[in-house]
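Please look over the model shown here before reading the notes that follow, which take up its strands, pockets and individual residues in turn.

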Amino acid sequence: MAEIKKKTWPEHFEKILKQKKNMDLRLADFKLNEGDILVLEEYNPKTKKYTGRTIKKKVKFITKVNPTEFYSIEDIKNFGFYEIEME
């Protein structure tokens with residue numbers, strides 16, 4: 001089990017803190033396994049500084065996809081993605 005530190009913008013940090021958000025969409029440019037701990041560090045992109053607040057979350061499930069297998073780069077740039085949580 002590893003601990004992986006990642007920046008998190010304030011609006012996402014607050015939703016995770018208040019347990020309104022329990023999913024995250026990240027570029028898969030780092031090694032991650034189920035059971036690892038994500039250390040989410042609140043980062044303010046306006047001031048370009050960390051706020052000092054952190055949250056630790058255990059990775060429960062991971063799915064890695066390559067969106068270009070399904071969509072063109074142009075469509076990805078034009079529309080982006082939804083991050084969807086279902087009940």
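In β3, K57 is the bridge partner of L38, and V39 stands opposite K56 of β3. These pairs belong to a predicted model, in which local features need pLDDT of at least 70, side-chain atom pairs count only at pLDDT 80 or more, and totals for chains, interfaces and linings use all residues. Residues are numbered from 1 along each chain as its sequence is written, and side-chain values use heavy atoms, with hydrogens and water left out.

**Strand pairing and the sheet**

- Strand β2 (residues 37-44) and β3 run antiparallel and are joined by 7 bridges; two strands count as paired if DSSP finds at least two bridges between them, while strands (E, at least two residues) and helices (H or I, at least four) are DSSP runs numbered from the N terminus.
- β1 and β2, by contrast, pair in the parallel sense over 6 bridges, and within β2 the bridge partner of K5 is V39.
- In β1, the covered face holds I4, K6 and T8, and the uncovered one E3, K5 and K7.

**The chain as a whole**

- The chain has 2 helices and 3 strands, which follow the pattern β-α-β-β-α when read along the sequence.
- Along its principal axes the C-alpha trace spans about 40 × 35 × 30 Å.
- Of the 87 residues in the chain, 20% are buried, a class that means under 20% relative accessible area, with exposed over 50% and partly exposed in between (1.4 Å probe, protein chains only).
- Among contacts between residues at least 6 apart in sequence, 62% join residues at least 24 apart.

**Pockets**

- The largest pocket has a volume of about 1600 Å³; on a 1 Å grid over the protein atoms alone, a pocket is an open set of points with protein on both sides within 12 Å along at least five of seven lines, whereas a cavity is a set of points where a 1.4 Å probe fits but cannot get out, and lining residues have an atom within 4 Å of a point.
- Grid points are joined across faces, edges and corners, and a volume is the space filled by probe spheres set on the points.
- The lining of the largest pocket comprises 32 residues, of which M23, D24, L25, F61 and T63 are the closest to its centre, and β2 and β3 each supply at least two residues of this lining.
- By class, the lining of the largest pocket has 20 nonpolar, 3 polar and 9 charged residues, where Ala, Val, Leu, Ile, Met, Phe, Trp, Tyr, Cys and Pro count as nonpolar, Asp, Glu, Lys and Arg as charged, and the others, Gly among them, as polar.
- The second largest pocket has a volume of about 160 Å³, and its lining residues include K7, W9, H12, D24, R26 and E83.
- The lining of the second largest pocket divides into 2 nonpolar, 2 polar and 5 charged residues.

**Individual residues**

- W9 is found in the loop between β1 and α1, is partly exposed with a relative accessible area of 35%, and touches Y43 and P45, not counting residues up to four places away in sequence.
- The C-alpha atoms of W9 and I84 are separated by 18 Å, the two residues being 75 residues apart along the chain.
- Most residues other than glycine have a negative phi. Q19, although not a glycine, has a positive phi of about 60 degrees; Q19 lies in the loop between α1 and β2 and counts as exposed at 68% relative accessibility.
- β2 and β3 form a hairpin with 4 residues between them, and K48 in the turn has a positive phi of about 60 degrees; K48 counts as exposed at 64% relative accessibility.

How values were computed
Contact means heavy atoms within 4.5 Å.
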